[in-house]
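Me: I have a structure open and a few quick things to ask. Can we go through it piece by piece?

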Amino acid sequence: MRETPQRLTTRGWNGYGGDEKRAFKYLTSKLRLDHTALTPSLLFSKSFHLISSPTRCVDLVTNILALRGQFDPTTPPPRPLLIWEPVPDLCIPQELPNCIATLGYVDVVSPNHAELGGFFGQSTTDPHTGEVNQRLVEELCNELVQNGIGPQGNGAIVVRAGKAGCYLRTIDKSKWFPAYHQPFSEGESSKVVDPTGGGNGFLGGFAIGLVRGGPALGLQNLETAAIWGSVAASFAIEQVGMPRLDQDAGGETWNGTRVQERLHAYEERLKKYIQP
């Protein structure tokens, strides 16, 4: 945890409209963090989630890796896993060349479906149904993957698509994962109370899945990471604010539910899931 008691906590305003449209503005001064803000323990994290423009992402990755190497140049530490989330206001066609140039620096790039479409000047929402155009999402992801993601070209794009779940694409893998909370039937109340934080919750769980989801950390854990991210996001959107953390004799619960139980339920659902 990085604490800055001399300043106000960064605060923002989220507004939501139809078809999952979102607006955002800062209510306090924006704090730009860079590699110099990292304590030694944070600098040597196993993964980083970077939210930035394409060109700033390149600067952050380059400086983080250089700073890590300065501690012991003879024995450089293992390369961390780098997850890049493009800032929404620069997901525009003019930034597509910069986006493509950034892909080789990160292991995973994760726009939401609207941001993905924004780079190509296209809407990924069906104008008639309001649903995510999954075929278009797949097509645009294929275009990005062909440029190579990661230093070895074996990275991934994972598109966060709200109630449609997420789409994982690598050079040889194409797979949808459903959202944990499915659209409710008539007469049934939705368990989704506030979508704020769902994307960040997803990528937090996704990063942990890459690091801890197998015998060793790495991109071989991508599918496990997508599962962990989907479950993490489900807790974030069940209430306004943070989920409720409790302890009982059996251990930790979030919103009265054990994470392992929800993971198991989701994995069982995936066995019957038919790819769209």
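Reply: Asn255 lies in the loop between S10 and H8. Helices (H or I, at least four residues) and strands (E, at least two) are DSSP runs, numbered from the N terminus. This is a predicted model: local features need pLDDT of at least 70, side-chain atom pairs count only at pLDDT 80 or more, and totals for chains, interfaces and linings use all residues. Residues are numbered from 1 along each chain as its sequence is written, and side-chain values use heavy atoms, without hydrogens and water.

Me: What is phi of Asn255 near?
Reply: Near 55 degrees. That is a positive value in a residue other than glycine.

Me: Next, helices. At what angle do H6 and H7 pack?
Reply: About 145 degrees, with axes 6 Å apart. H6 covers residues 198-212 and H7 covers 222-236. Axes are lines fitted to C-alpha atoms, for helices over the stretch in contact, and angles run from 0 to 180 degrees between N-to-C directions.

Me: Which residues make the contact?
Reply: Among them are Gly201, Phe202 and Gly205 of H6, and Ala225, Trp228 and Gly229 of H7. Contact means heavy atoms within 4.5 Å.

Me: How many salt bridges?
Reply: The count comes to 11. The rule is a side-chain nitrogen of Lys or Arg within 4 Å of a carboxyl oxygen of Asp or Glu.
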